[in-house]
Amino acid sequence: MSKLVILKFADGSFEQGFGVSLQIGDECDRPATEITGKLPPCPEIPLYYSHWQSSYRRLGNGYRLDADKVQITNVSMTQDCLNTSHILRARFNTWLRAEEFRLLREKWLEKLMPSDEVRVILQAENSQLQRLPWHLWDLLERYPKAEIALSSPSYERVQKPRTPNKLVNILAIVGNSQGIDTKADQDLLQRCRNANVCFLVEPERKELTDHLWEKNWDILFFAGHSSSQGRDASGRIYLNKTDSLTISELKYALKKAIEGGLQLAIFNSCDGLGLAQELADLQIPQMIIMREPVPDQVAQEFLKYFLGSFAGGESLYRSVRQARERLQGLEDRFPCATWLPVICQNPGQPPSTWQGITSVKKQFSTISPLFSKRGFRGVLFTSLMMSALVWGVRFVGMLQNVELIAYDQMMRSRPDEGPDSRLLLVTIDDGDLAIQRHNREELKGTSLSDQSLKQLLLKLQEYQPRVIGLDIYRDFPAEQPDLIPLLQQTENLIGVCKGSDTTEKTKGIAPPKEIPQHRLGFSDFIHDRDGVVRRHLLFMNQEAASLCPASYALSTQLAFRYLVPLGFQPKYTAQNQLQLGNTIVPRLSSRASGYQSIDANGGQLLLNYRSTKKIAEQVTLTQLLSGQVNPSAVKDKIVLIGVSAKGDFPDYWATPYGNNLDDQMSGVIVQAHMISQILSAVLDGRPLLRVWSLWLELIWIWSWALIGGLLAWRLPSLSGLIIAVSVSGGVLYLFCFGLLIWGVWVPFVPSALSLIGTVGAISIPNSKFKIPNSRLIRENI
């Protein structure tokens, strides 16, 4: 369901701070939640914005400003613009993570799911606050279907009912185009479906006002030069080479147009916040403007992407977000292009849709029967065709996201297995960091000082663990002389490094200089496109320029050193699969069940998380150093040292158990799941997750399509068919869930689609039951 979020900023300033209230509720309903908080004083934020703005405007880039102000692009200034943008983004998000604002942030995370479509309205009087790049808020970036709009705290709803037009009436004003190309804008508007576009090219003032008075317009579009000038930053558009106008000089004509049903104004021109502020006083429902000067090509590409989505049926907010994010492809030439488009919203007006603007209703349409052949042969043929259709959709990756969601749900639903007694986690939390700082121990950019590491290793040696994993980066030399031989000579200590990845432009992290290569493991995780870690990388070939020389993962190294004394020597089969005793570790291919065309390089398998609330016993660094841990809890165990702090050194990952911030797992716990997976498979016979061959999966999907066809063919009652399909779907889920527990990931979503699709394909054209108007589809039912 769509959600509406309103952030209201009370009177305040960057020198004094701002009072803030957060309202969350369903779209078209009263807010269900409201909470107040505060943002602390931060007078440097406007300065950071001003620095970025100055460096951005110095680029020039053929802006749609006043033609006399267009500059020549200075390529050498590009890096300065990028640097100031990174600084602004970092400082802005640091401000929004302030303790005074924490309760609002937590309430947002509690009430909104990443899958929700969220419309966020920011109500503020402060113009500097409105100019900030709110789309870069790290909280907002977690929600792919969310977009933010600016609003004035004062607004009214236009009470006069509008008379819908049969087509979307667009008044397109093409103003002074000196030095820019507005022909592309005109071509894009002319290609709009169900639209009547009237172009005014470099009009006189009277011609423009006459058009605004004489017809009911749905969308007002302007392309050309514009700017915001003066202390009040009043907006000005340049109609032709001699005339320019402010919004106040069009006030009466614009009020008439708004009363006549004007829903949206698009200013595909420069520096539009001044225009937006004046138009908001006239209570226009929605506007799309550019916050800063916009390069010509960026303006054209945004319009192309936006019209394609909006006229194609997407909501206004999703259309703007998609179009804005697609501008990233131009940022090598036009830095910060994704910063420019902004929605301005009258909160009293509902958001517009292309279809909702007009009175055109979709025509009644008849569902064409897929097959009308009765009997088993028709069922067989229909089920085969439906299976092929679903398989094709799946093959191109269109079902991958929903299959992974179903997979995650099944993983979360498994019965509890209890903790793994072979592991002990020593975690460094925020309290441990505070104690180290209190003791004036130098952290040097890591979470564990040399002093604390030395004490920890000596204490662990005394307790005699079988192997120790140090899941903390140390790409710098030890400074304490007695720590160096301790790291070199502790043979059961495994250190970590991080491999490089040229595709992601990451250089990697070097290992501790004191630990030899045979006692190193890489810490790299593989996450899917949604950021969730579902795969376990056991080994890989490092890139030639990698700072990390380790071929095996930290989890693999620790598991090997635990298993070798028990007689389990690692070896490889003829198919290059890792074998430990009688356990052969299956390797993922690029197409494996719900995965389609993934990068399967290296030794990868599905990560069979241990279904438990606590993967292993866990103690803090302080508890261990102060002698609060029973030596028997350490002896002959795998001790894994890592960070659980959420402050300075956060290391948290989304997993099938949750991708919200509060539900994510620390990296050391994910490592523990990986180690436990190997040990449990070899020593306990716990299954490793496997997938079926493509042919077996195809037969499985077709079998459920056949079941659906037989149900639709043999059951004459609609209610009986609904019950039978529901029961079949439940049985299918239980089969898939049971097989997952036994270690096999089989297709659930494609099978369910085949089942339901075949039922629909057969039952609708050959209906034996009566449904009033069953063969008609109407809009807005």
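Where pLDDT is low, the predicted coordinates should not be read in detail. The protein as a whole averages a pLDDT of 88, and 93% of the residues score at least 70.

A word on how this was put together. This is a predicted model, in which local features need pLDDT of at least 70 and side-chain atom pairs count only at pLDDT 80 or more, while totals for chains, interfaces and linings use all residues. Residues are numbered from 1 along each chain as its sequence is written, and side-chain values use heavy atoms, with hydrogens and water left out.

Now to helix α21, residues 718-741. Helices are DSSP runs of H or I with at least four residues, strands are runs of E with at least two, and both are numbered from the N terminus. Leaving aside neighbours within four places in sequence, L732 is in contact with W700, W704, F748, S751 and A752.

Together with I723, V727 and V731, F735 forms a nonpolar patch on the surface, with about 370 Å² of accessible area in total. Patch members have over 30% relative accessible area and no salt bridge; like charges are joined within 9 Å and nonpolar side chains (Val, Leu, Ile, Met, Phe, Trp, Tyr) within 5 Å. A salt bridge here is a side-chain nitrogen of Lys or Arg within 4 Å of a carboxyl oxygen of Asp or Glu. The areas come from the Shrake-Rupley method with a 1.4 Å probe, and for residues only the protein chains shown count as cover.

Next, helix α17, residues 554-563, is mostly covered: nine of its 10 residues are buried. Among them are L554, Q557, F560 and L563. Which residues does H518 touch, not counting those up to four places away in sequence? They are E491, Q557 and R561. H518 sits in the loop between β18 (493-497) and β19 (520-522), and is partly exposed at 47% relative accessible area.

β22, residues 578-580, pairs with β23 over two bridges; two strands pair if DSSP finds at least two bridges between them. L580 stands opposite T583 in β23.

Last stop: Q130, in helix α4, residues 127-131. Q130 is buried, with a relative accessible area of 9%. Beyond residues up to four places away in sequence, Q130 touches A124, L150, S151, Q277 and R291. Q130 and L150 are 20 residues apart along the chain, and their C-alpha atoms are separated by 6.7 Å. Thanks, everyone!

Key: pLDDT = per-residue confidence, 0-100. Contact = heavy atoms within 4.5 Å. Buried < 20%, exposed > 50% of the residue type's maximum accessible area, 1.4 Å probe, protein only.
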